[in-house]
Every structure is written in C-alpha cells, then in structure tokens.
Amino acid sequence: MDNLNFNPDGNVLPPSERFAVIEACLFAAGHPLTYARLGEVLGIGAAECADTVEKMAAMYNNPEFPRGVMLIRFPESCQLCTKEQYGEEIKQALGIRRGGRLSASLLEVLAVIAYNQPVTRTFVDTVRGVDSAYAVNALIEKNMIEPCGKLDAPGRPTLYKTTTDFLRVFGLGALEELPAVRLKTDTGEDIEIVPGQSFLGEEPESEPESKPEGESGGAEGKTAESGQTAE
C-alpha cells in the first residue's frame, strides 16, 4: 500500500485534519509556503496539496461566512492574509501610525514592469520619459520587484520582474489576473494594454534622454490610484 497519505504515526489524515495542519503552518509562517513544502508535511504530493488548498480557499473566501482573513493561492504557493477592509482596525490595534501606500511614481514604474516583464530599467525610463533609478531601487527594497537575469544586449543590463509579494499586496493569484488597461496615445488613439503586451513592442537599445524624477513624462498620470498597501 502507498503510504504517502500517512502521517508519521501511521494514521490516514482525513481532509479536515489536512485543513487544520495547512492552516496552522500558514498562520505560523506569515509568508507564502509552497505546495511542495506543505505536501512534505502532510505526506502528499504538491498537486494533491494544491487541490486541498483550493478547497480550503472556497471555504475561507465564502462571502456567506465573513472572515477577517483570506487564503490567497499563487501558482506554486499559498498564504493567509488579513483582508484589506480591516486595515485601519489592524493599524489601530497594533499601534501602526505610518501607512505603507506606494507613491504615484512608484505605482507608475510598478505598472510598467508588471505589464511588460521582464524589462530593463532603460525600458521603464523610455516608457515614462523620466529617469526611474530611484523608483526601481525603492520597489526592490519593498520587495515588489526583483532582478531576474540579464538582457542579451551590449552591456547586459539587468532585467526586472514582479515578486510574489506584489501578487499578495494587490490580491492577485497570478499575473494573468491583472486587468486590461486602456490608454490614449500621443496621436489620440485608444489602445488596450494587457499583461505581456509591451508598451513599446520591444526593448530599447540605448538609454533615452531622461528628465529628472518628478517632471512630467510620457506615461505620467496613466496609472490608476491604488488603495493597496506595501508592507
């Protein structure tokens, strides 16, 4: 008999107990845990663990039984998070005075990277029309983006992509859940941008003439305001 479904005591773990073990692990971790890691704890495979978490998510996120936490599923991991609508109460209870909202310029850079990743900083500068060095470094510090390799081009510039924390902060399970964005070009044409569709069509080959951060640029004001917090 395949004993992968047995715990160390030799007993079969019923689904309800699997739920409890996963819940305890996610609560204690406070960050995403992979299905593979949770599966090791339960003695089951990653795919079966993902199926179990999917059933748990239906229970946690059922609007008929409101909870203060939600179960977010990512492609390879999952996490328990508090719901955004209780943010102010949480801050009050924990004595948190400073908010963690992203500035307009950080949101703009984040949007360019999220919809076109992986991209170089030169690409971001070209889309925005301003130097984005400060914003890129700030987003790295907040763990919203991360380096993910080098572009096969002269100088081999660094490529950037969004992180799992980005998905968590914006309540997304995968990048495919990003909404389409409608923009108006300089010629007055309305275009729709979807994840994976470049603003420019391809990576620029050289550094653009950049204006200092804060001056109006090509994409200034095109990102929507967000009430999400970056912790």
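**Close-up views of a predicted model**

In the predicted model, leucine 33 has cysteine 78 as its bridge partner in strand 3. The legends below begin with this strand and then turn to other parts of the protein.

**Figure 1. Strand 3 pairs with strand 1 and with strand 2.**
Strand 1, formed by residues 33-34, is joined to strand 3 by two bridges, and the pairing is antiparallel. Strand 2 covers residues 69-73 and is also antiparallel to strand 3, with five bridges between them. Cysteine 78 of strand 3 stands opposite arginine 73, and cysteine 78 is also the bridge partner of leucine 33. Strand 3 itself spans residues 77-82 and is mostly covered, with five of its six residues buried.

**Figure 2. Helix 2 packs against helix 3.**
Two packed helices are described by the angle between their axes and by the distance between those axes. For helix 2 (residues 35-42) and helix 3 (residues 46-60), the angle is about 95° and the axes are 8 Å apart. Helix 2 is therefore roughly perpendicular to helix 3, a term that applies to angles of 65 to 115 degrees. On the side of helix 2, the contact is made by Tyr35, Ala36, Leu38, Gly39 and Leu42. Helix 3 contributes Ala46, Cys49, Ala50 and Val53. Sorted by class, the contact of helix 2 with helix 3 has eight nonpolar residues, one polar residue and no charged residues.

**Figure 3. Glycine 68 lies in the loop between helix 3 and strand 2.**
Glycine 68 counts as partly exposed because its relative accessibility is 38%, a value between the limits of 20% for buried and 50% for exposed. Along the chain, glycine 68 and threonine 82 are 14 residues apart, yet their C-alpha atoms are separated by 5.8 Å. When residues up to four places away in sequence are not counted, glycine 68 touches Cys81, Thr82, Lys83 and Tyr86.

**Figure 4. Helix 6 is mostly covered.**
Helix 6 runs over residues 121-128, and six of its eight residues are buried. The buried residues are Thr122, Phe123, Val124, Asp125, Val127 and Arg128. These buried residues of helix 6 pack against helix 5, which comprises residues 104-116. Just after helix 6 comes glycine 129, with a positive phi of about 80°.

**Figure 5. The whole protein gives the setting for the close-up views.**
The protein contains eight helices and seven strands. Of its 231 residues, 34% are buried. Among the contacts with a separation of 6 or more, 56% are between residues 24 or more positions apart. The protein exposes about 13800 Å², and carbon and sulfur atoms supply 52% of this area.

Conventions:
Residues are numbered from 1 along each chain as its sequence is written. This is a predicted model: local features need pLDDT of at least 70, side-chain atom pairs count only at pLDDT 80 or more; totals for chains, interfaces and linings use all residues. Side-chain values use heavy atoms; hydrogens and water are left out. Helices (H or I, at least four residues) and strands (E, at least two) are DSSP runs, numbered from the N terminus. Buried means under 20% relative accessible area, exposed over 50%, partly exposed in between (1.4 Å probe, protein chains only). Contact means heavy atoms within 4.5 Å. Accessible areas come from the Shrake-Rupley method with a 1.4 Å probe; for residues, only the protein chains shown count as cover. Two strands pair if DSSP finds at least two bridges between them. Axes are lines fitted to C-alpha atoms, for helices over the stretch in contact, and angles run from 0 to 180 degrees between N-to-C directions. Angles under 35 degrees count as roughly parallel, over 145 as roughly antiparallel, 65 to 115 as roughly perpendicular and the rest as oblique. Ala, Val, Leu, Ile, Met, Phe, Trp, Tyr, Cys and Pro count as nonpolar, Asp, Glu, Lys and Arg as charged, and the others, Gly among them, as polar.
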